[in-house]
Amino acid sequence: MAKLSIEDLKKIKESVRAAVTLREGGYRARVNVHMGTCGLASGARAVMTAVLDEIQKKDIKDVVVVTSGCAGLCNREPMITVERMGEPPVKYIDLTPDKMREIFSDHVLGGKIVEKYALAIGSETTF
Amino acid sequence: MRWWDDCINWESPDEDDPVPTVQDLSLHILDIVENSLAAGARQVEIRVEENISADRMVIEIVDDGCGMDEERAQKALDPFFTTKTVRRVGLGLPLLEEACRMSNGELRIQSFPGKGTRVRATFQHSHIDRKPLGNIRDTLITLMIGHPQVDLLYEHRKEGKTFSLDTREIKADLGEIPLDAPQVVSALRTLIQSGLEDLGAS
């Protein structure tokens, strides 16, 4: 069974300790990557990998990434929903890893909605 | 000039903008496991077996989700059957079945209501139309980050060698540190990559 080495674990424990306290104070933003069949076929996993890479590169500790299924707009996938604490969620469509990186620095971190890639602001209603 | 020429866009599709398709088996795995999670699974086992001498490849996904009755399990391979409410087609399992059939294999679904579902996809390993396995590392990382609360077991066998990973064990080792902490993700990525490379996974 593959396991993290003791050395890795020690390093992780030291560097994460501070971050855990920060997280308890709430997240700055949540990025939801839509991963239905349609999303996956059009590149959602590459978008997911890009956002994880940005989080790592910039050492961001208060952004959560989650996945969800098809949102019913398959021809505009890959699609994500960005929710910043206390702000209405924004859906972005037709994404690529590069667009994802741009949205990450401008909106997720900077708070400025990237209108050119946005579909709509606010939650969808369920019937 | 024919009367319909104005109605049709004759331009050839842009090379950079191909028709979306589930390109490789690792994406199919991600897709099927997302089904398991939508069915409320708390534990998912993914097993990949590459048997070169018998020229077979088997991918098995076992979950403890809500399961399906016999009728529903049969309908699951019909693209026009879906439990979703957002649209009327569901392509996850039908597309995987197509990938199996294209490469001289088949897809079997066994499901028990209240207990879970087992999806078993087989392929002829050397078949020219067998999709490549693709990036298993990214599929596993995506699942772990997207659903850190779920217990995930991955086991990959090839030619007598095995790579396996159990997030329950990893979570136990991490203690109070979350599985989706960036440092953990980075270490896991390296761990999976080197494990799969040792195996020579294809």
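**Ground rules.** I'm working from a predicted model, where local features need pLDDT of at least 70, side-chain atom pairs count only at pLDDT 80 or more, and totals for chains, interfaces and linings use all residues. Residues are numbered from 1 along each chain as its sequence is written, while chains are lettered from A and ligands numbered from 1 in the order in which they are written.

**Chain A against chain B.** I looked up who takes part: 31 residues from chain A and 38 residues from chain B. Contact here means C-beta atoms, placed from the backbone, within 7 Å. On the chain A side, helix 1 (6-24), helix 2 (37-42), helix 3 (44-57) and strand 2 (63-68) each supply at least two residues. I note that helices (H or I, at least four residues) and strands (E, at least two) are DSSP runs, numbered from the N terminus. Helix 1 of chain A gives the most to that side, eight residues. I sorted the chain A side into 18 nonpolar, eight polar and five charged residues. For that sorting, Ala, Val, Leu, Ile, Met, Phe, Trp, Tyr, Cys and Pro are nonpolar, Asp, Glu, Lys and Arg are charged, and the others, Gly among them, are polar.

**Helix 3 and helix 4 of chain A.** Next I checked how helix 3 of chain A packs on helix 4 (residues 97-109) of chain A: the angle is about 40 degrees and the axes are 8 Å apart. Axes are lines fitted to C-alpha atoms, for helices over the stretch in contact, and angles run from 0 to 180 degrees between N-to-C directions. The two helices are therefore oblique to each other. My cut-offs: under 35 degrees is roughly parallel, over 145 roughly antiparallel, 65 to 115 roughly perpendicular, and the rest oblique. Helix 3 of chain A brings Ala46(A), Val47(A), Ala50(A), Val51(A) and Glu54(A), and helix 4 of chain A brings Pro97(A), Met100(A), Arg101(A) and Phe104(A). I get seven nonpolar, no polar and two charged residues in this contact.

**Val47(A).** I followed this residue further. Neighbours within four places in sequence aside, Val47(A) is in contact with Val33(A), Pro78(A), Ile80(A), Leu95(A), Pro97(A) and Met100(A).

**Helix 1 and helix 4 of chain B.** In chain B, the axes of helix 1 (residues 25-38) and helix 4 (residues 136-146) come within 8 Å and cross at roughly 20 degrees. That makes the pair roughly parallel. I found Ser26(B), Ile29(B), Leu30(B) and Val33(B) of helix 1 meeting Ile136(B), Thr139(B), Thr142(B) and Leu143(B) of helix 4.

Technical notes: Contact = placed C-beta atoms within 7 Å.
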